[in-house]
Amino acid sequence: MVVATASNFQGLSGQLGSKTIAVATSPVPGPPLGAFGEAVDQSTGAAAVAQNDSLFVKGWAADWHDGAPVSAVTVYIDGVAAGAATLGIQRPDVAATYSNPAFLNSGWTFSVSASGLTVGTHTVSAVATNSLSLSTTLGYRYITVVPGD
């Protein structure tokens with residue numbers, strides 16, 4: 001309960017009113033949340049990625065403590081870090097789904113040349129990290145690298 005009182009220069013005071021309020025607590029800090037959207041050939045959008053093209057990966061990540069963008073999203077190919085994603089892409093759908101405007105810039109993308117990948121199947125995954133160094137794996141996709149033209 002909050003009570004408001006007023007006093008004058010003579011030291012006289014009186015209660016103006018009171019109000020009961022509820023204090024909301026923020027969620028216990030945890031790892032980011034998000035989703036791995038896709039891993040495709042950048043030119044064709046297909047799951048088969050040509051060696052002479054680039055792999056394009058996208059998804060979203062947000063954090064109840066930090067909002068969005070998160071501190072980092074790292075993309076892995078076959079368990080080896082391939083690089084850092086570009087963060088801060090607008091995702092109004094995510095903000096609306098979670099009723100949290102702080103999640104608006106939760107989108108991320110990543111692109112890398114497929115020339116260094118061998119022909120065959122590869123696993124692509126992404127890990128989001130927040131400012132508290134808590135992380136979560138957002139998911140994974142399988143891609144097939146095929147010879148380029």
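**Strands, cores and ring pairs**

Colleague: Which residue stands opposite alanine 126 in strand 11?
Modeller: Glycine 139 does. This is a predicted model in which local features need pLDDT of at least 70 and side-chain atom pairs pLDDT 80 or more, while totals for chains, interfaces and linings use all residues. Residues are numbered from 1 along each chain as its sequence is written, and side-chain values use heavy atoms, without hydrogens or water.

Colleague: What counts as a strand, and when do two of them pair?
Modeller: Strands (E, at least two residues) and helices (H or I, at least four) are DSSP runs numbered from the N terminus. Two strands pair if DSSP finds at least two bridges between them.

Colleague: Fine. How many bridges join strand 10 to strand 11?
Modeller: Ten, and the two strands run antiparallel, with strand 11 covering residues 135–146. They form a hairpin with five residues between them. Serine 133 sits in that turn with a positive phi of about 65°.

Colleague: What does strand 6 do with strand 10?
Modeller: Strand 6 (residues 72–77) pairs with strand 10 (residues 120–129) in the antiparallel sense, over six bridges. Threonine 74 stands opposite valine 127, and valine 75 has alanine 126 as its bridge partner in strand 10.

Colleague: And how do strand 6 and strand 7 pair?
Modeller: In the antiparallel sense, over four bridges. Isoleucine 77 has valine 80 as its bridge partner in strand 7. That hairpin has two residues between the strands, and aspartate 78 takes a positive phi near 55°.

Colleague: What is the strand order in the open sheet?
Modeller: The order is 4-11-10-6-7, five strands with mixed pairing. Strand 4 (48–50) and strand 7 (80–84) stand at the edges with a single partner strand each, so one side of each has no neighbour in the sheet.

Colleague: Where does a parallel pairing come in?
Modeller: Between strand 4 and strand 11, over three bridges. There, alanine 50 has valine 146 as its bridge partner in strand 11.

Colleague: Back to strand 6. Which side chains are buried?
Modeller: Val73, Val75 and Ile77, which point to one face. Buried means under 20% relative accessible area, exposed over 50%, partly exposed in between (1.4 Å probe, protein chains only).

Colleague: How many residues are in the largest nonpolar core?
Modeller: It has 21 residues, and those with the most contacts inside it are Leu55, Val57, Val73, Trp108, Val124 and Ile143. The elements giving two or more residues to this core include strand 3 (33–41), strand 5 (54–62) and strand 9 (107–113). Such a core is a set of buried Ala, Val, Leu, Ile, Met, Phe, Trp, Tyr and Cys residues joined through side-chain atoms within 4.5 Å. A second, separate core of seven residues includes Trp60, Val94, Ala95 and Phe103.

Colleague: What does valine 124 touch?
Modeller: Leaving out residues up to four places away in sequence, its contacts (heavy atoms within 4.5 Å) include Phe36, Leu55, Val57, Val75, Tyr140 and Ile143.

Colleague: Serine 125, buried or exposed?
Modeller: Serine 125 is buried, at 16% relative accessibility. This residue is in strand 10, and Phe36, Thr74 and Gly139 are among the residues it touches.

Colleague: Changing topic: how many aromatic pairs are there?
Modeller: Six, from a search of the whole structure. Rings of Phe, Tyr and Trp (its six-membered ring) pair with centres within 6.5 Å; planes under 30 degrees apart are stacked, over 60 edge-to-face, the rest tilted. Tryptophan 64 and phenylalanine 103 have ring centres 4.9 Å apart and planes at 50°, so that pair is tilted.

Colleague: Where do those two lie?
Modeller: Tryptophan 64 lies in the loop between strand 5 and strand 6, and phenylalanine 103 in the loop between helix 1 (92–97) and strand 9, so the pair ties together parts 39 residues apart in sequence. Tryptophan 64 is partly exposed at 46% relative accessible area, while phenylalanine 103 is buried at 0%.

Colleague: What about tyrosine 140 and tyrosine 142?
Modeller: They form an edge-to-face pair, 5.6 Å centre to centre with 75° between the planes. Tyrosine 140 is partly exposed at 47% relative accessibility, and tyrosine 142 is exposed at 54%.
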